[in-house]
Amino acid sequence: MSAADDRPADQGERAEPELRPTPVLLQGQDYFVRAPGTPLDFQERMYQAGLVEEEPGDPVPCVLVLSRATDMEMNELSLALAEHDVRMVRIDADRCLDLPLTVHADTPLIEFHRWLLRPVLIWRRHFDMTAVPVDPATVYGAYVREQWHAVGNWLTTRDDWDQVNTGPSGGVLDRLTQLQGAASVGLRVPRTSVTTMPGRSRPGGAQCIVKTAGHHMLEPEPGALRGLFPQPLDIRRTGGDAREPAPVLVQQYLDADEELRVFVVGERAIAFRVNKLDPAQLWVDPESVVVEPVDVPGDLAERLLRLCERWQLDVAGFDLLRVGDEWVFLEVNVNCDWRWFEQRADSKDVSGAVHDWVRSRFDELAESAAVGEWGSW
């Protein structure tokens, strides 16, 4: 017998992990999708191929996007901005390894590939560290993720360039804070508890829904996403005293007359009615979901605009229910993806509003920078 065989499990080989029950939100979830890292950004392809004539001179003002390669909303924005000669560049989490990038700390300039750029507007969307293609269980992977996490946060909190959605922590707005804010502007919110024992929680006293407190997508392997979608609380799965390994949200189920997704872009509110049979259908069976454009009631639009002002959101998607004559707030999605709703409803209203807002904001900021500080760089 070797000396290693005499060592306790924590000093030699790791002991077998204790078998634990499957968390409730991982039960019955068969949604799985791979997110390829293939770049489809129009401007990136044109500039990298040398198809754009460039003149040497001052740093070029640009829109800087932090996201991932599959962000089709940003791919579409890149094309729309190119039509107005507005430069846009991308730092994607799934393509950030070995990226030629230098960010100057004393001036608002970046060197990106061979270009010297002056970001005037930053938009952080799906720039999640789980998408970085490294193994976080290794020292190398942990190091890479930590560095990009720190630099990404710094980029999206600098005060010498403007940002889209400048709310708490660079746009991170947890669901519990959302509920408190919505109630403050007169919107009804479902009764909610945060618990590791969902089988013992009945906020509202009747049917309940179990939701994740974090993202709707789990990405244990970069590019491999699994859904964490709302599902009915089932005592047969949870048990009375069964404990979850991490807290979940248990929320009162409300029988709604209508469900809306309302996109707020600047001062505009654009709504779609969503008809589906259960909370997860939007992801697991999207072809059966019916989406149609509708007008936003004036009082509802006013409340949502007040929330956006409070949370410093420029572009956001709100999920709401109509129960009788009351509007019930479910959540706001800061990294809202609107193209799917538009495709189902045969509409381009949100895309048009977003493109116009970004271009107008860019023009305003670029003009201000040129008049104010440009000559000192």
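His126 sits in the loop between β6 (115-124) and α4 (139-155); helices (H or I, at least four residues) and strands (E, at least two) are DSSP runs, numbered from the N terminus. This is a predicted model, in which local features need pLDDT of at least 70 and side-chain atom pairs count only at pLDDT 80 or more, while totals for chains, interfaces and linings use all residues. Residues are numbered from 1 along each chain as its sequence is written, and side-chain values use heavy atoms, with hydrogens and water left out.

With 17% relative accessibility, His126 counts as buried (under 20% relative accessible area; exposed is over 50% and partly exposed is in between, with a 1.4 Å probe and protein chains only). Although 59 residues separate His126 from Ser67 in sequence, their C-alpha atoms are 4.3 Å apart in space. Leaving aside neighbours within four places in sequence, the contacts of His126 (heavy atoms within 4.5 Å) are Leu66, Ser67, Arg68, Asp71, Asn335 and Asp337.

One of these partners, Asp71, lies in the loop between β2 (60-67) and α3 (72-82). Asp71 is buried too, at 2% relative accessibility. Its side chain makes a polar contact with the side chain of Arg125 at 2.6 Å; such a contact is a pair of N or O atoms within 3.5 Å, where, within protein, one must be able to donate a hydrogen and the other to accept it, and residues adjacent in sequence count only if both atoms are side-chain atoms. At the start of α3, a side-chain oxygen of Asp71 also reaches to within 3.3 Å of the backbone nitrogen of Glu73. Helix α3 itself is largely enclosed by the rest of the structure, because 8 of its 11 residues are buried; among them are Met74 and Leu77.

Met74 and Leu77 both touch Trp123, as do Trp338 and Val358. In the largest nonpolar core, which has 31 residues, Val63, Trp123, Trp338 and Val358 touch the most other members. Such a core is a set of buried Ala, Val, Leu, Ile, Met, Phe, Trp, Tyr and Cys residues joined through side-chain atoms within 4.5 Å. Elements that each supply at least two residues include β2, α3, β6 and α11 (349-372), and α11 gives the largest share, 8 residues. A second, separate core of 25 residues includes Val185, Leu304, Leu320 and Phe329. In soluble globular proteins, nonpolar side chains tend to be buried together.
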